Amino acid sequence: MGDNGRVDILSPEKDKMAPATPRILYIVGSGRSGTTLLGKMLNEMEGVFFGGELRFVWEQYADGRSRCACGKAQAACEFWAEVLALWQALSSSEERTAARTPLDMIELQASVFQRRHLFAILRKGDRAMRGQPALTKYVMGMQRLYQAIAQVSGAKVIVDSSKRPIDTAIASLAGNIYFVHLIRDPRGVMFSREKRRMRVRAMKGKSEQVGALSLALRYAINTIQWDVRNVFVAWMARRLAQPRHTQRSHYEDLIAQPERTLYGIVDMLQMDSCNLPSLHDNSVDFSQSHIAHGNRMRFTVGPTPLREDRAWEQGLNRNQRRLIELLAWPLMRRYEY
Ligand SMILES: [Zn+2]
């Protein structure tokens, strides 16, 4: 068993050369809450590797065009080429039915990404794999991915920010899991989501005049989703990890006092040594990275100012603000907004 009570699928008893069970730090929460920023800061710390949303790694290997944060196509990036070669070498030491190519993993996702597997894992932990060959194969494939990343990067902790709960549940079977639940003021989240939606539509040449009512309806639906998501991920983290392996952080604190948030995470991970990213005059210096998937911020390199995005204060009108506050008030109170 791993030290989190999980079964080590590639146990050292089975193979003395097998890499250790990886430590996985999952950043969970609603989108537009600063997950890429936190991941990039953690990536600057020795012994930590942030891969972005690692669920998409297989697609990125397969399509040949998606770009790694280093600027190269993932297929041409030396780091990810080395990870894939090691992943395949680890797979070949396993039974003949193991997934051996990214396409195998993509195929498995179709049968594994189902609600029944999510609830089985939440209910039964690793016993959910019994009699489920596709799930077992996929979990083993992900465990090898985390192990290969750890070995190639030299990191002891792999940070994953994949958004869907099923990815998180699977990661809890693939390694020793830790959680950071990142929360942002819902008014900021809603405004940022809407701004992004408009930007994406404009890029596609679909600019539109949005009626006040349909905009209000979208804010209402998104706010309810924000409520449900935050309640669910907090509950999921409690089910999947030990209480001392979960932490709640606020986007606003990450900007105002980044050291405090990062030290809190270092403490939770019980890392022997740590070097925080270089933080000067409210800016953080990002080096080149190999974040596989995530928003455009993953490409940012060099000194980057840490500024809280408070555009919502001007961007939302009074009615929109009230609507969001009304629908989110129990959690806003709980999270002290
Ligand atoms: Zn790269």
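Predicted model: local features only at pLDDT ≥ 70, side-chain atom pairs only at ≥ 80, totals over all residues.
## Nonpolar cores

The largest nonpolar core comprises 73 residues, and the members that touch the most others are Tyr-26, Val-139, Ile-149, Ile-158 and Val-159. Helix H6, spanning residues 133–153, supplies the largest share of this core, with 11 residues. Domain 1 (1–184 + 242–306) and domain 2 (186–240 + 310–337) both contribute residues to the core, so it lies between them.

The surroundings of one of these members, Ile-158, can be listed individually. Leaving aside residues up to four places away in sequence, Ile-158 touches Pro-22, Ile-24, Phe-49 and Gly-51, and also Tyr-146, Ile-149 and Ala-150. Another core, of 10 residues, lies apart from the largest one; Met-190, Trp-312, Leu-323 and Ala-328 are among its residues.

## Helix H7 and its cover

Helix H7 (residues 165–174) is mostly covered, eight of its 10 residues being buried. The buried residues are Asp-167, Thr-168, Ala-169, Ile-170, Ala-171, Ser-172, Leu-173 and Ala-174.

## Packing of H8 against H13

Two packed helices are described by the angle between their axes and the distance between the axes. For helix H8 (residues 186–203) and helix H13 (residues 318–334), the axes come within 9 Å and cross at roughly 130 degrees. The two helices are therefore oblique to each other, and H8 passes H13 in a right-handed crossing.

On the H8 side, the contact involves Pro-186, Arg-187 and Met-190, which meet Arg-321, Ile-324, Ala-328 and Met-332 in H13. Of these residues, Met-190 and Ala-328 are also among the members of the 10-residue core.

## Packing of H9 against H13

Helix H13 also packs with H9, at an angle of about 15 degrees and with the axes 9 Å apart. This angle makes H9 roughly parallel to H13. The crossing of H9 past H13 is right-handed.

From H9, the residues in contact are Ala-216, Tyr-219, Ala-220, Thr-223, Ile-224, Trp-226, Asp-227 and Asn-230. Their partners in H13 are Gln-320, Leu-323, Ile-324, Leu-327, Ala-328 and Leu-331.

Notes: Residues numbered from 1 in each chain as written. Core = buried A, V, L, I, M, F, W, Y, C linked by C-beta atoms within 7 Å. Buried ≥ 20, exposed ≤ 12 C-beta atoms within 10 Å, placed from the backbone. Helix = DSSP H or I, 4+ residues; strand = E, 2+ residues; numbered from the N terminus. Domains from an automatic or database assignment. Contact = placed C-beta atoms within 7 Å. Axes fitted to C-alpha atoms, helices over the stretch in contact; angles between N-to-C directions. Parallel < 35°, antiparallel > 145°, perpendicular 65-115°, else oblique. Left-handed = near helix turned anticlockwise from the far one by under 90°.
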